[in-house]
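This report covers one protein chain.

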Amino acid sequence: LWLLSNGGVFIGHLGSRFGKVAYLLATARHNRFIPFFSIDGHSVCCEIDEPCGEMKPYITSMSDCLTFSHDLVQGRGHVLNKDYFEVGSYMRKIVA
């Protein structure tokens with residue numbers, strides 16, 4: 001993680017916690033957003049277990065992008081979709 005966070009550009013997987021933490025550490029280290037290329041197609045806004053293309057209509061602002069946490073939403077009466085382990089989380093769609 002330390003080595004990845006020293007780069008001025010990020011090329012890697014944003015669909016894993018490891019890759020996303022490395023990108024966020026690099027952003028914090030340089031005190032600005034750094035250019036990135038995600039080789040798995042995930043964006044910074046997408047949670048690691050979301051189908052990004054299907055959730056894109058529910059991400060309408062940077063606030064939605066950076067502050068949504070489906071782990072916190074679950075405790076407020078919402079439950080994960082029953083087919084979570086096959087298709088991933090649809091919590092943004094459920095909450096919207």
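Along the sequence, the protein chain runs α-β-α-β-α-α-α-α-α. That comes to seven helices and two strands. Helices (H or I, at least four residues) and strands (E, at least two) are DSSP runs, numbered from the N terminus.

This is a predicted model: local features need pLDDT of at least 70, side-chain atom pairs count only at pLDDT 80 or more, and totals for chains, interfaces and linings use all residues. Residues are numbered from 1 along each chain as its sequence is written, and side-chain values use heavy atoms, with hydrogens and water left out.

Of the 96 residues, 32% are buried. Buried means under 20% relative accessible area, exposed over 50%, partly exposed in between (1.4 Å probe, protein chains only).

Helix H2 covers residues 17-30. Its 14 residues should span 20 Å at 1.5 Å a residue, and its end C-alpha atoms are 20 Å apart, which agrees. The expected span is 1.5 Å times one less than the number of residues.

| H2 residues | State |
|---|---|
| Gly19, Lys20, Ala22, Tyr23, Ala26, Thr27 | buried (under 20%) |
| Arg17, Ala28 | exposed (over 50%) |

The buried residues of H2 fall within an arc of 160 degrees seen down its axis, so they line one face of the helix. The arc is taken from the directions from the helix axis to the C-beta atoms. They pack against helix H1 (2-5), strand S1 (10-12) and strand S2 (36-38). After H2 comes Asn31, with a positive phi near 60 degrees.

Methods
Contact means heavy atoms within 4.5 Å.
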